[in-house]
Amino acid sequence: MFYHKMTSLAPLRSLTLRAKRGFCFAQPVQELAEPQMFVNLNHEIYTRPSVQTSVPGPMSQKLMTELSEMQTNSSAHFFLNYEKSRGNYAVDADGNVLLDIFQHIAALPLGYNHPALKEVLIRPENHPILMNRPALMFFPPMNFSALLKSTLMAVAPKGLNKVTPMGCGTCSNENAMKSAMITYQTRERAGRAPTVKELSSALLGHAPGAPEISILSFEGGFHGRLYGSLSVTYSHPIQKLDIPTFDWPKARFPRLKYPLNEYRRENEVEESKCLAMVEEIFHKQKKQKPIAAAIIEPVQAEGGDRHASPDFFNKLRNIVAKNNAFFIVDEVQTGVATTGNFWAHQSWELDQPPDYVTFAKKMQIGGFYYNDGYKPNEKNRIQSTWNGDPAKLLTLKEILKVIDNENLVENVRDAGKVFLNGLKQLQDKFPQYLSTARGQGLFCAIDLPNPELRDLFIARLKNRGLITAGCGYNSVRFRPSLICTRHHICIVLDIMETELRQMK
């Protein structure tokens, strides 16, 4: 198996001086060489990747064999040594140090072993919550309201004043859709209580208690793998194979041409066609399965990092409202500053806010925001045993402090500009391999000619000490932590260029 010992990377200052001649730097060298421009990285004990074996190495392969005897886990890349991992660097079971710009599918906001999060675990006042995970719907801890105010409600999207915690992104989307359907049918009943016939037929999954209504989603979208969320997921066929999901409508998501400024007219036409299709679907579904809600991602992440303009989302939101349906924005992967705004949909500047915003991943806890009037009248309609985890709210509280104290939103914007500029210059240097560089903040991606070459490129980057992953048909996606600086991005771009030169 191919592997590369990372002795070819020069010390960081030499790397900086070399990169000045290339794509990485528009500012003075010394400024960009400084790894603490915004962020305190004193706990980050590694300065560059160091790969001694193939990845996965012998120990990871041994552990995979052991795991496969108990669990089907064909997606495992390799095993990590979490004790030794720090900041943006992951250390695997074989001792390889890898610069991680995938961060567990955008789930680690502060990288590995941030000292502020360690502090949460050792504070005596936190031990009762850490040791006793409560059934929150029935027995919440005394400080639960205060925790919600200082965490989830402190960063609630503008215009939304209620939140229901959940365990993960999939169940967040699942329950937001359920809530939208409940609210839709409650409105249809004009406030009257459910009838005996509705209750008895609902138990059997028949109308009128289980009405013929639907959720609109978009081709290429990913919203999870439970029954309802899988029914609105269209990213990879294998995810739905053998599972009879709900037959709900889907619309076309815009397929934009890049660079955006060169294809403005063509992209406007494409988005108009997609919006016209949405209008047509709403009209058609009124006679079949009326649409209770539409769900969409600000960037179709699993579907290939596909973007649309703020104008598209504004017009879509207005179409949904005009048809008396609810607008659900899935911010599971795009939330928490990774696009340069705390919530990606902030950049749309909507005339009216979404009806629901779902979250998970970097928030460390799942859930959905909504507004007054969307809470079910009856008990036990949106709940599980745990409905989230207050221990994760303790963690989130510290994460929000670090984001504020270390100016991480500004850091994301700054490092993101360097990253996207570097990706664009790489594609100019290697047009036979790279195209369609795109991104918002550090939420970036680039395409290769086909999935086979994409997968080979990712594997070779991994063996040079860089962790990333694919998405869509032929895209490489990048999901750095919020503490990833220009310093780290320049290492990423240098490794990519080195590998691309080897591929010639």
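Start by selecting proline 259, which sits in the loop that runs from β5 (250–251) to α11 (264–285). Helices (H or I, at least four residues) and strands (E, at least two) are DSSP runs, numbered from the N terminus. The bond to select here is the one between tyrosine 258 and proline 259: this peptide bond is cis, with omega about -5 degrees.

The model is predicted, so local features need pLDDT of at least 70 and side-chain atom pairs count only at pLDDT 80 or more, while totals for chains, interfaces and linings use all residues. Residues are numbered from 1 along each chain as its sequence is written, and side-chain values use heavy atoms, with hydrogens and water left out.

Next, select alanine 207 and proline 208, which are joined by a cis peptide bond with omega of about 10 degrees. Proline 208 belongs to the loop between α9 (196–204) and β4 (214–218).

For background, most peptide bonds are trans, and most residues other than glycine have a negative phi.

Now turn to phi. Select aspartate 242 in the loop between α10 (227–231) and β5. The phi of aspartate 242 is positive, near 75 degrees, and the residue is not glycine. Aspartate 242 counts as exposed because its relative accessibility is 72%; exposed means over 50% relative accessible area, buried under 20%, and partly exposed in between (1.4 Å probe, protein chains only).

Finish at asparagine 380, located in the loop between β9 (366–370) and α13 (390–405). Asparagine 380 has a positive phi near 65 degrees. With 57% relative accessibility, asparagine 380 counts as exposed.
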